[in-house]
Amino acid sequence: MKLVRVSAGIITRNDQVFIALRKPDQHQGDLWEFPGGKCDQDESPESALVRELEEECGIAVRRCVLFKTVSHDYGDKLVELFFFQVDDFEGEPSGQEGQEVRWVSMSHLLSYDFPEANKVIVEALTA
Ligand SMILES: Nc1nc2c([nH]c(=O)n2[C@H]2C[C@H](O)[C@@H](COP(=O)(O)OP(=O)(O)OP(=O)(O)O)O2)c(=O)[nH]1
Ligand SMILES: [Mg+2]
């Protein structure tokens, strides 16, 4: 099965976190996500994060720290996700690809539907 490496950013400001809605036609579509995307071949997770957050959200990451790595088998796809905490960035995050985006308070994260692989992340953030 395909194994894809993915970097995702937990973009925070005060007690809020920036999330985006995946498009219906995407893998795990219609679910909320921490913005990010696939690492190119030979690209480090950190470089992929910086590139994806620029492309998808229009921000320049100033500092990121690896929060957790999660491997998950979706049946049709095996993903290795690198979740980074991003608390210092330049620019105002927005949906550069027309995706719906939202700043939500940490305590409200549980009311959003995320892909299965995000379960441990959402639990850790809301604990
Ligand atoms: N960005 C992101 N992806 C996630 C999260 N949780 C999770 O399971 N994924 C999965 C869904 C996808 O299989 C993959 C993300 O890759 P991607 O964002 O490049 O996916 P995509 O469907 O847009 O792919 P593409 O064809 O546009 O390149 O990781 C998350 O919180 N953020
Ligand atoms: Mg993406």
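This report looks at the strands of a predicted model and at the residues around its ligand.

Residues are numbered from 1 along each chain as its sequence is written, while chains are lettered from A and ligands numbered from 1 in the order in which they are written. Local features need pLDDT of at least 70 and side-chain atom pairs count only at pLDDT 80 or more, whereas totals for chains, interfaces and linings use all residues.

Let's start with the record. UniProt, in an unreviewed entry, lists residues 2-127 as "domain: Nudix hydrolase"; such positions follow the numbering used here, feature names are shortened, and annotations may be inferred rather than shown by experiment. This span is 17% helix and 43% strand, and its end C-alpha atoms lie 33 Å apart. Helices (H or I, at least four residues) and strands (E, at least two) are DSSP runs, numbered from the N terminus.

Strand β6 has pairings with β1 and with β5; two strands pair if DSSP finds at least two bridges between them.

| Pair | Sense | Bridges | A bridge pair |
|---|---|---|---|
| β1 and β6 | parallel | 9 bridges | G9 and F84 |
| β5 and β6 | antiparallel | 12 bridges | A60 and E90 |

β5 and β6 also form a hairpin, with 4 residues between them. In that turn, G75 has a positive phi of about 90 degrees.

Now to the ligand. Around ligand 1 there are 17 residues (C-beta atom, placed from the backbone, within 6 Å). A8, E33, G36, G37 and P115 come nearest. β1 (3-13), β4 (36-38) and β6 (78-90) each supply at least two residues of this shell, and β4 gives the largest share, 3 residues.
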